[in-house]
Amino acid sequence: MNLAYRDIRHNLGRFLLTCIGLSLLLGVVLSMIGIYRGLVVDALTLARAPAADLWVVQAGSRGPFAEASRIPSDTRAAIARLGGVAEAGAVTFQTAETFHAGRKLRFQIVGYEPGRPGGPHRIAEGRPIARAHFEMIADARAGLAVGEVVRLGRDGYTVVGLTRDLVASGGDPVVFVALADAQTLQFELDPAAMRRERARSGAAAASVDSVNAVVARVVPGVHPDTVAEAVRRWKHLAAITQAEQEIILTRSVVEQARRQIGLFTSILLVVSTVIIALIVYTMTMDKRREIATLKLIGAPDRTIAGLVLQQALAMGVIGFGIGALLISTVKDVFPRRVVLQPEDGLALAFVVIAVCVVASGLGVRLALKIDPATALGG
């Protein structure tokens, strides 16, 4: 006879409600892990979009995603002439907000040279940018449709194409415009500010012919580090390989978020342990007379301990299963991407089992201390 099964069936309603409550807590733990994975994926998506092997930025800078970087546009031509470079393109990055159709839009604007590296690697709907000015490719998360006109700065931009799941590390959808338009939006002052700057300095406004980085693809068979070393000989430039760029993003840009989510997840696991321990202890207290009766008829201690441990494990496994199913169902409703990886779920399942074993210790200790004579009491 399985005593744990018999006891659960006898108090099925209370046991299921307990499992559902625990599943919500474990679902939050799993969702926090998925949110962190989503942060990493989002951070790397924009860096991987150009399919570049090398990033050339301002000397002393760690790239446009971690620090400010501004270099002359003609740097692209110099990089393209380097040995081992197949092609190169200049890019700019900036965050912008605008109002469209009665709602606020916030996105990351990427300026690139059509026909050169830096643009989206795949367009899900529509076409690439074909005109030199006032066309854009937007990610579907921006809620825009092909043919819509969005006002940026003093001009209107027509959406000619859509991408999928292309967002910045902050979760903002990405839009692509021609480089000349992006330079105007990022570097050119509005007329009033330009007049003030000229009156203050007595000189013309600074040139907008600047970019944030140059991305390059190397010839097959050439290692990116070889080209990077050649670029680093120029004291006014720094070179970062794609692998180094991804390390910077994961260890710098999302590092604080990783620590925050990791701490919160640890706290939730501790809370889960305490809750399971209290529930098991309470359930054991409710069965004091039954456990005393088992001892009176000669049930060994391992049978009593197995009863408590099996119930704790059942709660953890059922709670984890319901929580995982719930999060898998609603993950697409989250405003940020939630990435659920099988290995993360498996690791959490093992943690939950370990937590249940630890949490059952309090109930086992209570059960083993029960006096068989209790069964004869009034």
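Arg106 is partly exposed, at 40% relative accessibility (partly exposed lies between buried, under 20% relative accessible area, and exposed, over 50%, with a 1.4 Å probe and protein chains only). Arg106 pairs with Glu97 in a salt bridge, with the closest N and O atoms 3.0 Å apart. A salt bridge here is a side-chain nitrogen of Lys or Arg within 4 Å of a carboxyl oxygen of Asp or Glu. Glu97 is also partly exposed, with a relative accessible area of 46%.

This is a predicted model: local features need pLDDT of at least 70, side-chain atom pairs count only at pLDDT 80 or more, and totals for chains, interfaces and linings use all residues. Residues are numbered from 1 along each chain as its sequence is written, and side-chain values use heavy atoms, leaving out hydrogens and water.

**Salt bridges**

- The count comes to 15 salt bridges.
- Arg37 bridges to Asp344, with 2.8 Å between the closest N and O atoms.
- Arg37 sits in helix α2 (residues 12-48) and Asp344 in helix α11 (residues 342-369), so the bridge ties together parts 307 residues apart in sequence. Helices (H or I, at least four residues) and strands (E, at least two) are DSSP runs, numbered from the N terminus.
- Arg37 is partly exposed at 29%, whereas Asp344 is buried at 11%.
- Arg141 and Asp165 meet in a salt bridge of 3.5 Å, N to O.
- That pair links distant parts of the chain, 24 residues apart: Arg141 is in the loop between β6 (135-139) and β7 (149-152), and Asp165 is in the loop between β8 (155-163) and β9 (174-178).
- Arg141 is partly exposed at 36%, and Asp165 is partly exposed at 43%.
- Arg76, Glu113 and Arg116 form a network of salt bridges.

**Ser210**

- Ser210 lies in strand β10 (residues 210-211).
- Ser210 is buried, at 11% relative accessible area.
- Leaving aside residues up to four places away in sequence, Ser210 touches Arg70, Ile71, Ser73, Thr92, Gln183 and Phe187 (contact means heavy atoms within 4.5 Å).
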